[in-house]
Amino acid sequence: MYFPIGWPKVLRSVDVDFQAFKQVVSNRDKILFASLSDDAFVVWFCKPSVSIVYHKRNSESIQRLGINVGIEWKPDSSMICISTSEGHLILYNVEVQGDQPAYQQFDPPTASLRRDSAELFVKEVIPSLKITLFKEVLIWDGQITRMCCISGTEILVCTTRAHLLRYRWDGSQNRDYCLDLGRIPFSINQQVSKAEPILEDNTHVNDIEYSPLVCGFGITLNDGRAAYLTAPNLKFDPNAVQGIWAQGIDDSTCARVNHKFRLIAIGRRNSQVDVFTIDEITGGLELSHTMMLSSKDFPGDPGPVKCMRWTGDGRAVAVSWEGGGISVWSTFGALLMCSLAWDYGLNQDLSKHNPLVVSSMEWATEGYQLWMVKEEEAKSNLIQMDFVKSPLTVNPCMSNQRHLYLQADDKLYINLEDNLTRRTKLSIIDSSADAYHECGQEQTDGEVENSAKYKEFVDDNECRKQWVVLQLPATYIASNWPLRYSALDEEGETVCVAGRTGLAHYSRAARRWKLFGNEAQEKDFVVTGGMLCWRHYIVVGCYSILDGHDEIRFYPRDAKLDNRFAKIVRVQSQVFVLDVLHDQLVVFGADALVTIYELSLDNAGAIELRCVQAVDISALSHPACIVSASLCRLQDPSPMAHLNRNAKSEMQAPDSLVINASGKLMMVQREEYDVDEDNNPVSLT
């Protein structure tokens with residue numbers, strides 16, 4: 001879930017006259033942005049939003065090669081490719097000048113104007129970049145309609161002659177793997193024996209995006225049709241490429257691929273977006289859902305879909321229309337935000353003129369900012385809108401929490417359970433026995449005695465939206481921006497956060513943050529696979545930069561934040577997902593193994609964990625497409641089961657393992673297990 005916050009910001013270029021933007025594209029890390037105009041481009045830094053380098057072509061180059069049409073980054077951000085209106089590619093080298101940063105802050109000589117707060121010091125190093133012309137490539141194949149980077153070595157160029165040309169980043173063409181639409185067989189699925197190529201003249205690719213997890217391209221044609229290009233392997237041999245039609249689409253405008261959920265979104269001229277999924281049995285495109293504005297959201301017609309962009313985690317998509325307006329939708333079609341419902345004043349008729357016309361969009365790192373090119377009558381501006389999101393988008397282990405909170409790039413918006421519900425005590429003398437048993441909570445002897453006359457009633461209808469804004473400490477977030485993971489304990493007393501490196505946690509009772517005393521330890525590891533709280537420990541899946549391997553770390557909340565007090569468990573692969581159910585820890589890694597550990601405390605209070613089971617789910621999905629892996633209890637234990645939990649003689653039915661793979665929910669029923677004399681798990685069938 002993504003929600004806008006604050007007012008949009010207008011970004012100014014180094015050149016005051018340079019306000020004719022037409023496209024904005026980010027690099028793979030979404031830290032650097034390139035904005036393009038007809039004769040120049042600017043490279044920006046994400047946070048703070050400042051321009052780094054400005055390059056303008058001379059009049060002789062414009063006359064000889066044509067104006068700029070599109071721009072693409074090389075995956076390692078070392079090169080930029082620009083396509084022109086006369087069918088040329090211009091390759092530029094992007095070099096980092098390591099001698100000094102692009103911006104430096106100096107205090108004025110007046111003592112009263114000097115900085116005395118850590119928040120005023122920008123610790124982020126803004127690199128100084130140098131742009132140099134590398135090569136100019138002429139493409140003898142008509143005009144260039146779209147470019148798409150497919151790997152670290154190649155870029156795909158689509159032309160008006162129905163060709164998909166593959167060029168290396170050194171400017172040479174990979175002729176053996178170039179594609180021709182007239183030779184690609186198209187059908188409704190991969191099981192149909194009869195497949196026909198495109199025979200119509202003047203048909204070419206209008207928009208394209210590539211995803212290795214989908215193993216293909218999502219394309220739209222200039223005649224309105226949409227399709228999915230796939231091949232048995234990622235080499236995309238021209239003799240093995242096959243096209244799959246998106247049925248019922250004849251008015252497509254743009255296409256975007258969701259890598260995490262393996263979805264292909266097709267924007268249409270009727271202002272709606274059709275989202276397709278790939279049928280694993282037939283290999284065809286199956287309509288999953290449609291994103292369409294209701295009459296309540298906007299009674300008019302905003303026009304054809306102009307642009308779409310998925311967030312990096314695939315949990316939301318931004319959509320803009322040619323008639324004006326933007327909207328943000330969840331992965332499966334819930335409308336989160338729509339500018340058509342904004343109040344622009346009495347003099348604005350949105351059905352005739354919309355002041356917010358967006359031609360290009362791009363999400364920033366972690367999805368906290370949306371960069372947009374806003375068109376106006378004489379010029380176009382680059383604007384930025386800030387967002388907050390649910391921690392479930394990156395940390396699905398929080399699904400068992402009762403508290404509501406959202407995370408921004410440097411702060412948290414918290415609404416605890418006490419504010420969300422009203423709790424009252426009702427007398428059970430006048431209530432029925434059935435109502436008493438509906439309490440549904442295990443009670444100790446003392447609790448039963450104290451609650452003999454009363455029971456607790458929760459009224460969920462009364463909700464108080466009183467957000468507590470928790471600002472992250474400047475000493476941590478200044479050098480570890482942005483916030484990536486966050487977690488709350490069950491009581492809502494401890495808040496844990498993790499940025500670019502390290503972690504920090506906050507005690508609501510003491511109202512103070514705990515940071516690493518040794519800053520070198522904070523910089524030595526990166527949280528990669530979630531964060532959660534178990535009893536008085538903070539559990540994180542991380543990668544140790546110092547040792548070069550993946551780990552699970554347990555930091556006690558009561559002790560100092562130091563590796564001396566942490567329990568570190570080395571694992572075989574990168575941790576993607578963490579979850580916990582009671583005293584069971586679920587770990588899912590890049591090796592497609594779901595490992596279940598039992599957690600316990602010894603007499604000294606130190607944590608101990610024992611591997612119970614490892615389940616290989618590589619046959620279900622690619623590890624990068626696993627959204628969550630958690631345990632659930634399908635049946636309630638017997639009323640006296642909690643009294644005999646520690647008894648070795650009692651057998652426990654293991655909890656079921658629930659896997660969310662690309663939005664598809666699957667349950668793995670585990671076998672029963674017991675523990676032998678040597679404390680080893682034994683499988684019982």
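Cys 542 is buried, with a relative accessible area of 0%, whereas Cys 632 counts as partly exposed at 22%. Here buried means under 20% relative accessible area, exposed over 50%, and partly exposed in between, using a 1.4 Å probe and protein chains only.

Residues are numbered from 1 along each chain as its sequence is written, and side-chain values use heavy atoms, with hydrogens and water left out. As the model is predicted, local features need pLDDT of at least 70 and side-chain atom pairs count only at pLDDT 80 or more, while totals for chains, interfaces and linings use all residues.

**Overall make-up**

- The chain has six helices and 51 strands, taken as DSSP runs numbered from the N terminus (helices H or I, at least four residues; strands E, at least two).
- Of the 685 residues in the chain, 51% are buried.
- Among contacts with a separation of 6 or more, 52% link residues 24 or more positions apart; a contact means heavy atoms within 4.5 Å.
- The chain exposes about 33500 Å², and carbon and sulfur atoms supply 49% of that area (Shrake-Rupley method with a 1.4 Å probe; for residues, only the protein chains shown count as cover).

**Nonpolar cores**

- The largest nonpolar core has 28 residues; such a core is a set of buried Ala, Val, Leu, Ile, Met, Phe, Trp, Tyr and Cys residues joined through side-chain atoms within 4.5 Å.
- Strand 4 (40–45), strand 28 (369–375), strand 31 (411–415), helix 5 (474–480), strand 36 (494–498) and strand 37 (504–507) each supply at least two residues of this core.
- The residues with the most contacts inside the largest core include Trp 44, Trp 371 and Leu 382.
- A second, separate core of 23 residues includes Leu 179, Phe 186, Phe 217 and Ile 219.

**Cavity**

- A search of the whole structure finds one cavity of 30 Å³ or more, and the largest cavity has a volume of about 40 Å³.
- Its lining consists of Ile 150, Leu 156, Arg 166, Tyr 177, Leu 179, Phe 217 and Phe 236.
- On a 1 Å grid over the protein atoms alone, a cavity is a set of points where a 1.4 Å probe fits but cannot get out, and lining residues have an atom within 4 Å of a point.
- Grid points are joined across faces, edges and corners, and a volume is the space filled by probe spheres set on the points.

**Backbone details**

- Most residues other than glycine have a negative phi, and most peptide bonds are trans.
- A cis peptide bond joins Lys 47 and Pro 48, with omega about 0°, and Pro 48 sits in the loop between strand 4 and strand 5.
- The bond from Trp 481 to Pro 482 is also cis, with omega near 0°.
- Ser 77 has a positive phi of about 65° and is buried at 14% relative accessible area.
- Ser 271 has a phi near 75° and lies in the loop between strand 20 (263–268) and strand 21 (273–278).

Notes
1 Å grid on protein atoms, 1.4 Å probe; cavity = no way out; pocket = protein on both sides within 12 Å on 5 of 7 lines; lining within 4 Å.
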